There are 2 protein chains.
Amino acid sequence: MLGGSATYFSVSARYFSPVKIVAVIGEDFPASHLAFFKKRDIDTRGIITKKGKTFRWEGEYSGDMNEARTVATHLNVFAEFDPVIPAEYKKTPHVFLANIDPRIQERVLRQIPRPRLVVSDTMNYWILHKRRQLVRQLPRVAIALFNEGEAKLLSGQPNIVQAAQGILKMGPRRVVVKRGEHGALLFSRDSLFCIPAFLLEKIIDPTGAGDTFAGGLIGYLSRCRKCDDAALRRALVYGTVMASFTVEDFSLRRLASINQRDIQERVKEFERRHKL
Amino acid sequence: MLGGSATYFSVSARYFSPVKIVAVIGEDFPASHLAFFKKRDIDTRGIITKKGKTFRWEGEYSGDMNEARTVATHLNVFAEFDPVIPAEYKKTPHVFLANIDPRIQERVLRQIPRPRLVVSDTMNYWILHKRRQLVRQLPRVAIALFNEGEAKLLSGQPNIVQAAQGILKMGPRRVVVKRGEHGALLFSRDSLFCIPAFLLEKIIDPTGAGDTFAGGLIGYLSRCRKCDDAALRRALVYGTVMASFTVEDFSLRRLASINQRDIQERVKEFERRHKL
């Protein structure tokens, strides 16, 4: 099925703002998937096609729906990915560096001279194997995203508050900790914001929830053109609400079928449920 | 160390309202512990002393601090407990039925003619072995407390929203699901309220957090003399804040050393952290 960080992020963010993808696909990538992006007016000029097969991930969830167990990862054309940012992309103000080798994230940033906001994601593999490069990059990042285990691994702190504070010392202006069905945390040097997830009666597949969350978060910040504490809190609500759609079905089925009214209604319901 | 549901509950609730304990102790119960309750102006006339040893629980936490593993339970004098409610207690408006055999909970309620509010707690053991008695009792309960696993076990539903809705059909007016470090949920037939826990930099021992939470919740409701949706939401905040003190040290060390100002400051900090 169609998936991947760029896919979930783009479809989510596109509800708020124009989106330009940078990615690599293989010759096997179905034309219908590319048509899917174009139909949604997502800029695909940064998608390059290489000889070989597209990246493919296989995973399973059992019991704890917050963390997937990887069954197989086929890097394929992704292994040699060296992103070239098209000229039309160079003035992009909001940049999301999805989970990839931090050296590649660095090469992307070098090609975008003055972004207003950079948000990064990562995973345990890079924290363990490319730690130096990852840490070197953090001062350039406005918001660094982690799940709970990643934040603890990078900081060496078993407590999540201390873990986030340890990472803030490495340079990012803010740290966001994604906790799956338990919500998300936003840390800055002097404040902490904490929201639960949007509780659902039925969860089909959590794959893509994290990238969908990032799409709602950055999409919202891009649309409202602010990045103060109040805007960031709203952005976390939007990220949470967007992710709640993704998990309601496989692949992009649910996320791609909603409209602005669905989003607004769920944001209102979220507010009703969490008003102190 | 001093512990137990009645202890944590009473000390927590006493910050808000007068408290009367009903309990049984053995001849080994230190006089200093009884003096501790009296000093805090907690009514101990419902504590009876029986021949033998006091109930004793031993547990450990490893990794997941949300659920304890029981190492040993010595029922001792608790095995034959048949609570007799003193005459002076019979007009108590707010009753907390802590985790105990549902037949004993029933016998307590029979001795208190017209309580304004009854809150109950339970555990997996009673759900598995005294299910019929437990379910028979639920219609008399205004707020039924569960942790996530208990709610799923009682309802037979793996999704927490469906689990709570299933339990509401059994008769309690509200269901509260305690999720440890992930906060708490309040369900009524037509609304859902969801709050995170108070994030801490250091957690020493979660033992007693659930009963401390119940103490803050009922203590607050007793003080404000309301039980509408707004009061209940505030009550959950107070329960959450009180529990956050308990887990900061062993036994009652931290919970018993705070004052009204500590509580108000933490409630304010909680509001700052969770304002949407």
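**Exercise 1.** In which strand of chain A does F96(A) lie? Work out its surroundings too.

*Solution.* F96(A) belongs to strand 5 of chain A, where strands (E, at least two residues) and helices (H or I, at least four) are DSSP runs numbered from the N terminus. Before going on, note that this is a predicted model: local features need pLDDT of at least 70, side-chain atom pairs count only at pLDDT 80 or more, and totals for chains, interfaces and linings use all residues. Residues are numbered from 1 along each chain as its sequence is written, while chains are lettered from A and ligands numbered from 1 in the order in which they are written.

Next, count neighbours: F96(A) has 26 other C-beta atoms within 10 Å, so it is buried (20 or more count as buried, 12 or fewer as exposed, in between as partly exposed, with C-beta atoms placed from the backbone). Leaving aside neighbours within four places in sequence, F96(A) is in contact with F9(A), V119(A), A214(A) and I218(A) (C-beta atoms, placed from the backbone, within 7 Å).

**Exercise 2.** Find the strand order of the open sheet of six strands in chain A.

*Solution.* The order is 5-6-7-8-9-10, with mixed pairing (two strands pair if DSSP finds at least two bridges between them). Strand 5 (94-97) and strand 10 (191-195) of chain A each have a single partner strand, so one side of each is left without a neighbour in the sheet. From one strand to the next, the twist averages 15 degrees (axes are lines fitted to C-alpha atoms, for helices over the stretch in contact, and angles run from 0 to 180 degrees between N-to-C directions). Now zoom in: strand 8 (residues 174-178) and strand 9 (residues 184-188) of chain A run antiparallel, joined by four bridges, and K178(A) stands opposite A184(A).

**Exercise 3.** Describe how helix 1 and helix 8 of chain A meet.

*Solution.* Start with the axes: those of helix 1 (residues 5-13) and helix 8 (residues 209-224) of chain A come within 7 Å and cross at roughly 40 degrees. Then list the residues: among those meeting are F9(A) in helix 1 and A214(A) and I218(A) in helix 8 of chain A. By class, this contact has five nonpolar, seven polar and one charged residues (Ala, Val, Leu, Ile, Met, Phe, Trp, Tyr, Cys and Pro count as nonpolar, Asp, Glu, Lys and Arg as charged, and the others, Gly among them, as polar).

Methods:
Contact = placed C-beta atoms within 7 Å.
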